Amino acid sequence: MTKPIWIKHAAQLATLASDVKGPRSKEAMSELGLIEDGSLWIEDGVIQAVGTTKELEARYADKLHEAEIVDATSHLVTPGLVDPHTHVVYGGSREREFEMRLEGATYMDIMNAGGGIHATTRMTREATEDALIEQTTRRLDSFLAHGVTTVEGKSGYGMDLETELKQLRVMKKLQNQHPIDLVPTFMGAHAVPPEYKGREDEFIDHLIHDMLPVVAKEKLAEFNDVFCEKGVYTPEQSERILEAGKRLGLIPKIHADEIVPYGGAELAAKVGAISAEHLLKASDEGIKAMAKSGTIACLLPATALYLREVAAAGRKMIDEGVAVAISTDCNPGSSPTTSMPLVMNLACILMRLTPAEALTAATYNAAHAINRQDQVGSLEVGKQADIVLWNVKNYQELQYLFGVNHVKAVWKKGVKVVN
């Protein structure tokens, strides 16, 4: 049995606790559950009490001498950040494409020339499982250093059964080996494999009948994602893939309306997707449909910045009643970053979220986007002690001083993993 941990005298303790149930939208996204001179009591990796320092000092008076004491004076304390959309398991690197884009090539130009997703697919197919574990571990270490304690990870750089399973098995092993909680998503429909070009429906049959059943049987993923985009998968094809996953117990997610308006947001609402990702070109009708269905908008401002695109209309979505989460979209081609603090900054600067909304989007709503809201995303009694101590005094300063990693310490399930 480990010693209790008493975090006391936080200048601000942002608990993210609220009476609002489910993912938050509109005014509720500004509810941070702030406690001045805040305090947490942790035992066996679980939060036992939340309140002011004075309240917890009185409650645990007879146990204070047993506790490891963390003095958070002049510091902000928040839940561990949650990244609900990454492609963290992949082989190789694509720094040459960064230069190509600066020389004028577009994302689709590079992809159609055999680069982009197809380049990473080749390198991931060639990589051994051990090599993928080594590369991914380095990325997860960097996530931790930036205050991220839970990460969703997608397959999709195989698009053949062997490599898709390899990516998902790597995630399963890392879930047992690394402090970060890694939440797996199957994304065999990330692109159409070059060997199936012109035979897209044949590949979809293969994915539905040969790939999805194995993933479901081996319990290698919780979610099923598809890239619904012009030149990739049509809304009709995407719906077929997502419905097939639903029949096998996989929750639908969807890459939607990233490059052109394509009805992806509307499809997300129609199939009951837990989240729709990207949404740079989402239509007004699609936004309204998502608000009505409760589908979370998972927005990726670092990707927009990296591709020099106009970011998604985060402000409009929140005002329309859509619950918004944010993510790094960590991937080798369009957002090779592990910095959720930067993503929070960009959500404010590029999408006009307030500092409070950005923190909600990176914790509470992000947890809902990967079905982990009962475990992480807020500092409440009974939840995992996933906690970040920041070198700032309040949540506004966290977003104001942008482009800097302000992490001072991180606890995962009550164990200090970053100091």
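Since the model is predicted, local features need pLDDT of at least 70 and side-chain atom pairs count only at pLDDT 80 or more, while totals for chains, interfaces and linings use all residues. Residues are numbered from 1 along each chain as its sequence is written, and side-chain values use heavy atoms, with hydrogens and water left out.

The cysteines make a simple start. A disulfide is a covalent bond between the sulfur atoms of two cysteines. Here a disulfide is taken as a pair of cysteine sulfur atoms within 2.5 Å, and the structure holds zero of them. For Cys298, the closest cysteine sulfur belongs to Cys330 and is 13 Å away, too far for a bond. Cys330 is likewise in no disulfide, its nearest cysteine sulfur being that of Cys298. As for burial, a residue is called buried under 20% relative accessible area, exposed over 50% and partly exposed in between (1.4 Å probe, protein chains only). Cys298 is buried at 0% relative accessibility, and Cys330 is buried as well, at 2%.

Next comes helix α4. Helices (H or I, at least four residues) and strands (E, at least two) are DSSP runs, numbered from the N terminus. Helix α4 covers residues 117–126, and its buried residues are Ile117, His118, Ala119, Thr120, Thr121 and Thr124. What do these buried residues pack against? Their partners are the helices α2 (95–102), α3 (107–112), α5 (129–145) and α6 (161–177), along with strand β9 (223–228). Ala191 sits in the loop between β8 (181–189) and α7 (200–217) and is buried, with a relative accessible area of 0%. Ala191 and Ser275 are 84 residues apart in sequence, and their C-alpha atoms are 19 Å apart in space.

An unreviewed UniProt entry places the annotation "binding site" on Tyr157, Asn331 and Gly333; UniProt positions are given in the numbering used here, feature names are shortened, and annotations may be inferred rather than shown by experiment. The three residues span 177 residues in sequence, yet no two of their C-alpha atoms are more than 11.7 Å apart, so they gather at one spot. Tyr157, Asn331 and Gly333 are also part of the lining of the largest cavity. On a 1 Å grid over the protein atoms alone, a cavity is a set of points where a 1.4 Å probe fits but cannot get out, and a pocket is an open set with protein on both sides within 12 Å along at least five of seven lines; lining residues have an atom within 4 Å of a point. Tyr157 belongs to the loop between β7 (148–154) and α6 and is buried at 2%. Gly333 lies in the loop between β13 (324–326) and α13 (340–351) and is buried, also with a relative accessible area of 2%. Beyond its neighbours within four places in sequence, Gly333 touches Arg94, Arg101 and Tyr306.

Salt bridges number 25 across the whole structure, each being a side-chain nitrogen of Lys or Arg within 4 Å of a carboxyl oxygen of Asp or Glu. One of them joins Asp160 and Arg125, at 3.3 Å from N to O. Asp160 is in the loop between β7 and α6 and Arg125 is in helix α4, so the pair ties together parts 35 residues apart in sequence. Arg125 is partly exposed at 29%. Another salt bridge pairs Lys412 with Asp386 at 2.5 Å, N to O. Lys412 lies in strand β15 (residues 407–412) and Asp386 in the loop between α15 (364–369) and β14 (387–390), 26 residues apart. Lys412 is buried at 4% relative accessibility, and Asp386 is buried at 4% too.

Finally, the largest pocket holds about 280 Å³ of space, where grid points are joined across faces, edges and corners and a volume is the space filled by probe spheres set on the points. Of its 13 lining residues, the closest to the centre are Asn112, His118, Val192, Lys197 and Gly231. Helix α3 gives the most to this lining, with three residues.

Notes:
Contact means heavy atoms within 4.5 Å.
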